[in-house]
Structures are given as C-alpha cells and as structure tokens.
Amino acid sequence: MASGIVHQWRALTSPQKNAFIACFLGWALDAFDFFILTYCITAIAGDFHTTVETVTEALFWTLVMRPVGALIFGAMAEKFGRRPTLMINIISFCVFEVASGLAPTLGWLLVFRALFGIAMGGEWGVGAALAFETLPEKGRGFFSGLLQEGYVVGNLLAATVYGLVFPHLHGTGMLVNWRVMFFIGALPSILVFYIRSKVEESPAYRSGQAKAVKPTIHLGDIAHYLPTFLFLVLLMTAFTSFSHGSQDLYPTFLQKAKGFTPGRVGWVSDVGHIGALLGGITFGTLSERWGRRRSIVIAALLAIPMIYIWAFTWEPIMVAAGGFLMQFMIQGAWGIVPAHLNELSPAAVRATFPGLAYQLGNLLSSRNAKFQTALARKYFHGDLTPVLAWTVAIVAVAVALLAGLGREAKGQSMSSVEDLPA
C-alpha cells in the first residue's frame with residue numbers, strides 16, 4: 001500500500017501537488033480549530049459556571065451556520081476563483097477562532113462560534129473543487145480518501161495539543177487554559193502565504209469550463225438539479241450524524257464515563273484518529289475498484305460490529321483499540337465522500353453544490369450533541385455510553401441504505417462543460 005501511495009503522489013505535477021497540499025492543510029487546520037472546542041467543553045463549563053449540555057450549544061451554532069458559509073464562499077469561488085476565496089476563508093476562520101478565546105461570556109462564545117461556523121462551512125466545498133478540478137481522474141478515489149482525512153488529521157492535532165499542552169496550562173482571566181487552546185488556533189493563517197506563492201487557480205475555472213454564478217443562488221437556478229441535490233442533502237445528513245454523533249462528545253465520554261485524565265484522553269483519541277486516517281485512505285482507494293456506493297455500504301455496516309469494544313470496554317488499551325476500529329470504518333465511508341459528491345455535481349456549480357449539500361446535512365444533524373447529552377441525562381443518569389452506541393448502530397444502517405440507493409458516477413470528468421443530469 002505504501003508503494004502505491006508513493007506512486008500516486010509521484011505521478012502528480014507540481015501544480016497538482018501544491019493544490020492538493022493547500023486544500024488538505026486547509027481542511028485539516030479548519031477541523032483543528034473546530035475540535036479544539038470539543039476537548040475544552042468541560043473546562044469551559046467550569047469557567048462559566050454552567051453545564052456541559054449548555055456549552056454544547058456552541059457546537060450547535062457552529063454546525064447550523066456552516067450552510068451559510070458554503071453558500072457565501074461557494075458563490076465567491078464561482079465568481080472570483082477558487083484560490084483567492086480559499087485564502088479569504090482561511091483568514092476568516094482563524095480570526096473567529098481567536099475571537100472565541102477572547103469571549104468574555106458564554107453568550108459571546110456562542111456568537112463567535114456561529115461566525116466561525118460560517119467560515120468553516122465554506123472551506124470544504126471550495127477546497128474540494130480546487131483539488132478535484134486540478135487532480136487527474138486516475139487515482140481520484142485515493143486522493144478523495146486522503147483529502148477527507150484532513151478532517152481527521154485536524155482532530156488528531158487537536159487531541160495531541162490538548163494532551164500535551166492543556167495539562168500544563170493554568171492561570172485566570174484571558175490566560176485560563178481553554179482560552180490559550182483557542183489562541184493556538186490562529187496558527188493556520190500561515191497557510192495563506194503558501195497558497196499565495198505556490199498554488200495556481202483551478203484549470204477548469206481558468207478555462208471557463210466551470211461557469212460563474214451569481215453571488216446569491218435561488219432555487220430556480222438549481223431547479224434542474226433539485227432531485228440530485230435533495231438526495232445528497234439527505235445522504236450528507238446521515239453522514240454528518242455518523243461522524244459528529246461518534247466524535248463530538250467522545251472526549252467528554254472518555255472524561256466522564258471512563259474517568260480518563262486529559263493526557264489519557266489525548267492519546268486514546270489519537271489512536272482513533274490514526275485508525276480514521278488509515279480507513280479513509282483504504283476505502284477511498286478501494287472505491288476505485290469496487291465503486292463509490294459499494295465501498296460506502298461496506299465501510300458503514302462494518303462499524304456496527306465495532307460498537308462493543310468501542311463503547312463498553314474499560315481498559316485504556318481496549319478503549320483505544322475500539323476507537324481505532326470504529327473510526328477506521330466511519331472515516332472509511334467518509335473518505336469516499338469528496339470524490340463521490342464532486343462526481344455527482346454539475347460543473348457549473350461545483351464550488352457550491354457539494355459544499356452546500358454537505359453543510360445542509362450538518363445543519364440537519366446539528367442538534368446531535370445537544371440531543372445525545374439530553375438523552376443521557378434523562379434516561380441513563382448522564383452516561384453517554386448507550387447513547388453513543390445506539391447512535392452509531394442506527395446511523396450506520398441509514399448511511400448504507402442511502403448510499404446503496406444512490407447513483408454511481410465514478411470516473412465522471414471534472415472538466416466537462418456538460419452538466420450531470422438531475
């Protein structure tokens with residue numbers, strides 16, 4: 001497998017490599033800034049003298065505003081280009097990450113996380129369009145898996161920084177531990193300099209093959225694609241419930257249900273993220289042979305047998321092994337998403353269509369964390385274990401069913417001027 005990865009990478013031209021690196025890092029660092037919050041929920045609740053359930057509203061507002069960002073930044077990318085829009089997007093999410101660390105009250109934190117959600121919502125669609133309009137058709141599944149796992153790399157970085165740095169942070173006021181973690185989130189802004197100096201605009205955009213759209217999009221403009229669009233929104237609702245339903249409260253689950261220290265939470269989470277990274281690349285590559293739909297179905301259903309070791313074991317090494325296997329399957333299915341959505345999307349709105357469907361899925365699943373904590377409190381005395389287990393079981397079946405009912409578009413040209421049929 002390693003030799004295949006090296007071969008795939010060496011086959012790329014320098015502009016293709018630079019575009020992929022920029023998009024991968026943009027998504028990874030965006031996810032890093034998002035997941036910093038998930039590791040600090042307990043600390044934030046203590047600092048603001050409130051409950052964990054109340055702080056999870058910040059996750060809700062980030063997710064609920066992501067479709068707005070997908071629409072705004074997607075339209076900008078169609079009109080002004082993928083490259084400049086990606087730079088503006090990265091600066092935006094870094095600014096709101098720092099602002100979150102400066103929030104004087106929980107109310108202001110919710111405001112800043114909502115604004116961060118707008119910036120986060122734009123990155124995936126713009127970055128994926130730039131990447132897949134630049135990369136060759138051959139090996140698209142592999143690069144899809146690798147690109148999507150930038151999200152996992154971001155989570156891995158957040159877990160690592162949390163485990164290594166957070167236990168040593170103290171102080172009060174603006175230097176309290178969780179705030180410093182958000183200030184670290186400003187570092188991704190350095191990526192803008194790399195994009196400015198190394199990355200070229202998408203060939204499809206430059207040649208006019210991806211037609212510009214208006215800054216605002218009306219349903220009438222996409223009426224021809226509406227059936228496909230609505231199906232993708234439903235599919236992405238299941239997918240986002242799969243990932244966020246197993247990840248967002250996982251650090252809190254390890255702290256509260258398992259009694260793990262911050263350092264142990266960090267390394268156990270890291271093992272799961274490594275599994276996710278390998279799963280995304282593995283199933284993304286297999287989707288070139290098996291097809292996108294079949295690969296998603298297999299990965300999703302294989303998550304179900306992993307539930308027991310993931311949720312119900314107690315020894316740290318077993319919990320870590322469960323996290324590795326669970327995220328290998330969940331992110332294995334997710335690794336196929338970037339290629340699958342872009343292949344199903346019309347060329348004229350490729351920077352908007354996949355990202356908006358993705359983020360509307362996030363919107364529809366945005367109450368997951370709130371719903372899960374409320375169920376745990378009402379029925380299981382605050383224990384998240386059965387709630388997380390049932391979430392994975394139900395959503396895995398939903399992902400498999402929806403993916404299986406969809407259309408296969410593996411190998412669809414990214415430079416075609418002809419739109420896909422709805």
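1. Is Glu 57 buried or exposed? Glu 57 is buried, at a relative accessible area of 15%, where buried means under 20% relative accessible area, exposed over 50%, and partly exposed in between (1.4 Å probe, protein chains only).

2. On conventions, this is a predicted model, in which local features need pLDDT of at least 70 and side-chain atom pairs count only at pLDDT 80 or more, while totals for chains, interfaces and linings use all residues. Residues are numbered from 1 along each chain as its sequence is written, and side-chain values use heavy atoms, with hydrogens and water left out.

3. With a salt bridge taken as a side-chain nitrogen of Lys or Arg within 4 Å of a carboxyl oxygen of Asp or Glu, the count comes to 10 salt bridges. One of them joins Glu 57 to Lys 370, at 3.2 Å from N to O; because Lys 370 lies in helix 20 (residues 368-379) and Glu 57 in helix 4, the pair ties together parts that are 313 residues apart in sequence. Helices here are DSSP runs (H or I, at least four residues), numbered from the N terminus.

4. Helix 4 (residues 57-80) has 24 residues and spans 34 Å from first C-alpha to last, close to the 34 Å expected, the expectation being 1.5 Å times one less than the number of residues. Just after helix 4, Gly 81 takes a positive phi of about 115°.

5. Arg 82 and Glu 133 form a further salt bridge, with the closest N and O atoms 2.8 Å apart. This pair links helix 5 (residues 82-101), which holds Arg 82, to helix 6 (residues 106-134), which holds Glu 133, across 51 residues.

6. Together with Glu 288 and Arg 292, they are linked in a network of salt bridges.

7. The structure holds 0 disulfides, a disulfide being a pair of cysteine sulfur atoms within 2.5 Å. For Cys 40, the closest cysteine sulfur, in Cys 94, is 17 Å away and therefore too far for a bond; Cys 40 itself is buried, with a relative accessible area of 0%.

Methods: Helices (H or I, at least four residues) and strands (E, at least two) are DSSP runs, numbered from the N terminus.
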